[in-house]
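Subject: Handover of a predicted protein model

Dear colleague,

Please find below the structure that I am handing over to you. My notes on what was found in it follow directly after it.

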Amino acid sequence: MAKVFTNAFVEINGKNLSTYSPSVSINYASEILDQTAFGDTTRSHIGGLFDWSFDMQFHYDCSTAGPEATLWSLIGTTSCIEVRPVNVCSSANNPIYSGIGVLDSFNYGGAVGSLLIASSKMVSVSALSRASSS
């Protein structure tokens, strides 16, 4: 089922930052390990440890409710994150992606005449959960 990405939910440490965010990407992967041995004629691979991260953008706002005030003090520390494709209750078509991660950066900038955009990346500390209510 195709979905237009217009109303995602982004929450960090219980703070809903959805209204500031024009972009969020979930990156989920497995390390691919080479298990090729002598005598093999083709490489053989096996999945290893999982890895995840969230790339996020926010419209810059340094008010007490904004992303700058929320994220600045979290850089380098563990934080909870929850993302849903649509900002409504979870369902089979709207799963919750959540985990504990470390916020590795908070950057902002832009070109003259453009909106000031802040970007952040959260990387894995725990397993990434995918849950939905039926």
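Residues are numbered from 1 along each chain as its sequence is written, and side-chain values use heavy atoms, with hydrogens and water left out.

Ser 30 belongs to strand β3, which covers residues 23-34. Apart from neighbours within four places in sequence, Ser 30 is in contact with Gly 47, Gly 48, Leu 49 and Phe 50 (contact means heavy atoms within 4.5 Å). Thr 19 is 11 residues from Ser 30 in sequence, and their C-alpha atoms are 31 Å apart in space.

Strand β3 also holds Ser 25, which is partly exposed at a relative accessible area of 33%. With neighbours within four places again left aside, Ser 25 is in contact with Ser 53, Phe 54 and Asp 55. Ser 25 and Ser 53 are 28 residues apart along the chain, yet 8.3 Å separates their C-alpha atoms.

Is Ser 53 buried or exposed? Its relative accessible area is 8%, so Ser 53 is buried. Ser 53 sits in strand β4, residues 45-59. Beyond residues up to four places away in sequence, Ser 53 touches Ser 25, Ile 26 and Asn 27, as well as Lys 121, Met 122 and Val 123.

The chain as a whole

How many helices and strands does the protein chain have? There are one helix and eight strands (helices, H or I with at least four residues, and strands, E with at least two, are DSSP runs numbered from the N terminus). Their order along the sequence is β-β-β-β-α-β-β-β-β. The radius of gyration is 18 Å, well over the 14 Å that the globule rule gives for 134 residues, so the protein chain is more spread out than a compact globule (the radius is taken over C-alpha atoms, and the rule is 2.2 Å times the number of residues to the power 0.38). Along the principal axes, the C-alpha atoms fill a box of roughly 65 × 40 × 30 Å.

Of the 134 residues, 30% are buried. When contacts between residues at least 6 apart in sequence are considered, 62% of them join residues at least 24 apart.

Ser 79 is part of strand β5, residues 78-84. Its relative accessibility is 2%, so Ser 79 counts as buried. Neighbours within four places in sequence aside, the residues in contact with Ser 79 include Ile 12, Asn 13, Gly 99 and Met 122.

Asn 13 is located in the loop between β1 (9-12) and β2 (15-16). Asn 13 is not a glycine, although it has a positive phi of about 50°. With 40% relative accessibility, Asn 13 counts as partly exposed.

Pro 95 lies in another loop, the one between β5 and β6 (96-109). At 4% relative accessibility, Pro 95 is counted as buried. Tyr 60 is 35 residues from Pro 95 along the chain, and 27 Å separates their C-alpha atoms.

The cysteines

How many disulfides does the structure hold? It holds zero (a disulfide is a pair of cysteine sulfur atoms within 2.5 Å). For Cys 80, the closest cysteine sulfur is that of Cys 89, and because the two are 20 Å apart, they are too far for a bond. Cys 89 is accordingly in no disulfide. Cys 80 is partly exposed, with a relative accessible area of 43%, whereas Cys 89 counts as exposed at 67% relative accessibility.

A colleague

Notes: Predicted model: local features only at pLDDT ≥ 70, side-chain atom pairs only at ≥ 80, totals over all residues. Buried < 20%, exposed > 50% of the residue type's maximum accessible area, 1.4 Å probe, protein only.
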